[in-house]
Amino acid sequence: MGEEFLNQDEIDALLSGGDTPSGKLSKSESEALSEVASIVAGAAGNVVGMLAERGVTANVVAREEMPQESMRAKIASNRVFAYTMTWDGADEAPAQLVTSERGALALADLMMGGDAKELPEEANDLYLSASQEGLSQLVGSALTNLSGLLGGARLAAGNTNSALSDADGWLPFSE
């Protein structure tokens, strides 16, 4: 991780959905986020592989820096399942993992011993609960790996919750 950190103006701008004052992340910030994304992808591959009982590899193949309002247009689903948390041990930094409703259904089916091939049309409470548990396992694995990257700093997900909502009204961090 680089020596540069976000200043308070940049943090406030990111949390409010705006651009950073410079409009772009610094090179070291971008590299740090890429490394975090790779760790989360690796954790996702491990958790899904364990649930599916076969080898699964997940990689970050592309990334793009954009204001959060632009993310809605990138979501290929009408509904999203968002797992929201703060990172205890990292100054309560907010974070959110988002998947399509179909992605949440597939994860839930794997969590319940299925093969994710025959999914219901819509998520019900049982599937939403299983999706949240699956994402909780993924986050736990990712935070363990991030802890090593940060020299053993203890990280844990806190204040977790999840919700299925319409993509049109969804923003990762709202005021």
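**View 1. Val 40 in helix H2.** Val 40 is located in helix H2, where helices (H or I, at least four residues) and strands (E, at least two) are DSSP runs numbered from the N terminus. Setting aside neighbours within four places in sequence, Val 40 is in contact with Leu 97, Leu 138 and Ala 142; contact means heavy atoms within 4.5 Å. Val 40 and Ser 141 are 101 residues apart along the chain, and their C-alpha atoms are separated by 8.1 Å. The model is predicted, with local features needing pLDDT of at least 70, side-chain atom pairs counted only at pLDDT 80 or more, and totals for chains, interfaces and linings using all residues. Residues are numbered from 1 along each chain as its sequence is written, and side-chain values use heavy atoms, leaving out hydrogens and water.

**View 2. Helix H2 and the residue that follows.** H2 covers residues 27–52, a total of 26 residues. From first C-alpha to last, H2 reaches 37 Å, close to the 38 Å expected at 1.5 Å a residue; the expected span is 1.5 Å times one less than the number of residues. Glu 53 follows H2 and lies in the loop between H2 and helix H3 (68–74). The phi of Glu 53 is positive, near 60°, in a residue other than glycine. Glu 53 counts as exposed because its relative accessibility is 75%; buried means under 20% relative accessible area, exposed over 50%, and partly exposed in between (1.4 Å probe, protein chains only).

**View 3. Packing of H2 against H4.** The two helices pack at an angle of about 50°, with their axes 8 Å apart. Axes are lines fitted to C-alpha atoms, for helices over the stretch in contact, and angles run from 0 to 180 degrees between N-to-C directions. H2 and H4 are therefore oblique to each other (under 35 degrees is roughly parallel, over 145 roughly antiparallel, 65 to 115 roughly perpendicular, and the rest oblique). Val 48, Leu 51 and Ala 52 of H2 meet Leu 107, Leu 110 and Met 111 of H4.

**View 4. Trp 87 and the largest nonpolar core.** This core has 31 residues, and Trp 87 and Leu 146 have the most contacts inside it. A nonpolar core is a set of buried Ala, Val, Leu, Ile, Met, Phe, Trp, Tyr and Cys residues joined through side-chain atoms within 4.5 Å. H2, strand E1 (79–88), helix H4 (101–111) and helix H5 (125–149) each supply at least two residues of the core. H5 gives the largest share, 9 residues.
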